[in-house]
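Here is a short report for a first look at a protein chain. The view comes first, then the notes.

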Amino acid sequence: MPNPTEVVIIKRDGSISPYTTYGSARASAVSGDLIQIRANLLNEQIVLKDLVDIWIMPGVVINSGNSQTTIIAPTTGALNCRIYGQGKIKNDTNGNCIFINNPNANLTIECNVIEGTGGGSSSVSVNIQIANKFHLNCNYVYNRDFQAIRVGQLGAIGLITDLNLKILKVETGNITTSSPFTGTTAITSRGNGFIKINEVLCRNIGHCLSHREGIITAQIKKMTTKNNYTFSGMTGSTIHVNQYSGTPNSGSQKLILYFDEIQALAGIINSSAGIEVGEGTGIFIGRRVHSKNGPSIQIVGINTKGYVKCNEIISTGNGDNNPVNAIEFSLFTNQLTIDANYVQGYRDGGVIFINDANVQIKNAKLVNTYTGTGVSSLCLLYTSDAADE
């Protein structure tokens, strides 16, 4: 049986050299070597090295054991490496599990679990601020107190040229009697590439996916937000396409999303939109979009473009206190097409609200379930400043 603190280097000639720490193995490793982490539990920061791959034995847990990031890369120089095996990458303090801030980085990670469980309001389980290539194949990515995956920076240059995420489940948040208010947006993306995920769950305020820059093609089967607290009076839509923080760009970001179900559910507070596009192009093809208290689809802004093909688009409202349109369009001139079999809203002002927007609606049966005082039979309401003149 291996020593529980054992780390070894597999040399290019097949010879094996044992070490007591990862740091000592890294110092001795050269291009083409493979570092194997065989320890049952390794409480040590993993600093990556160019052209040195890392294999984590199945069942092994690596954890920095303090506020440091668990896996980190040098910020300059070449970095080409792969981390694989079926280990668990964890950080149970206020550090990131993985942090990359190197424009030359080309990194591929294959693992079982990535878990941040003690991050307060700053750590991210997978935080890729700047890199050329980042590929991740993982069964489960979780962050209890903050964000699960951040690809690219939020307010500065940070576009990832080659992005590929293949994950079974991404989850944020923790609901307990003593501390119900933890967790935020599951995934933010600024990059070009592909995302394939079976399920995304955001259990407190935030988005399941917020795409800020670049062109992403995504296949995400199920996405659910459940708003359980407010932050500065704000809630989060399930899917969000908009500019990164700071000065808005030209609307060049594009998200092509294939899905089965998108749900914006109410928890302690009301839900927001199922799909929200404030800038760029959104193409959404799926079975069902549902919001409890907000519009299922909300597309607003002069730089927006899009296409939606969906079987059911439903906003159920919350009694007479919260009537809601199923779809809201406002202030764009590029034609947007909605191809839907069934659209249901709960509002006296109409199921679909269009304000100075260029919209084509195809095949849809519109149903207004509103029963409050002064109910109107309207299912489609269009307003235009130009028409009023």
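The notes below go from the whole chain to single residues.

## Basis

This is a predicted model, in which local features need pLDDT of at least 70, side-chain atom pairs count only at pLDDT 80 or more, and totals for chains, interfaces and linings use all residues. Residues are numbered from 1 along each chain as its sequence is written, and side-chain values use heavy atoms, with hydrogens and water left out.

## Overall fold

The protein chain has two helices and 29 strands. These are DSSP runs: helices are H or I, at least four residues; strands are E, at least two; both are numbered from the N terminus. Of its 389 residues, 53% are buried, meaning under 20% relative accessible area with a 1.4 Å probe, protein chains only.

Contacts are heavy atoms within 4.5 Å. Among those between residues at least 6 apart in sequence, 67% join residues at least 24 apart.

## Around Thr 108

Strand β12 (residues 105-116) holds Thr 108. Thr 108 counts as buried because its relative accessibility is 18%. Leaving out residues up to four places away in sequence, Thr 108 touches Cys 81, Arg 82, Ile 83, Lys 133 and His 135.

## Aromatic pairs

Rings of Phe, Tyr and Trp (its six-membered ring) pair if their centres lie within 6.5 Å; planes under 30 degrees apart are stacked, over 60 edge-to-face, the rest tilted. There are three such aromatic pairs. One of them joins Phe 329 and Phe 332 edge-to-face, 5.9 Å centre to centre and with 90 degrees between the planes. Phe 329 is buried at 1% relative accessibility, and Phe 332 is buried at 2%.

Key:
Buried < 20%, exposed > 50% of the residue type's maximum accessible area, 1.4 Å probe, protein only.
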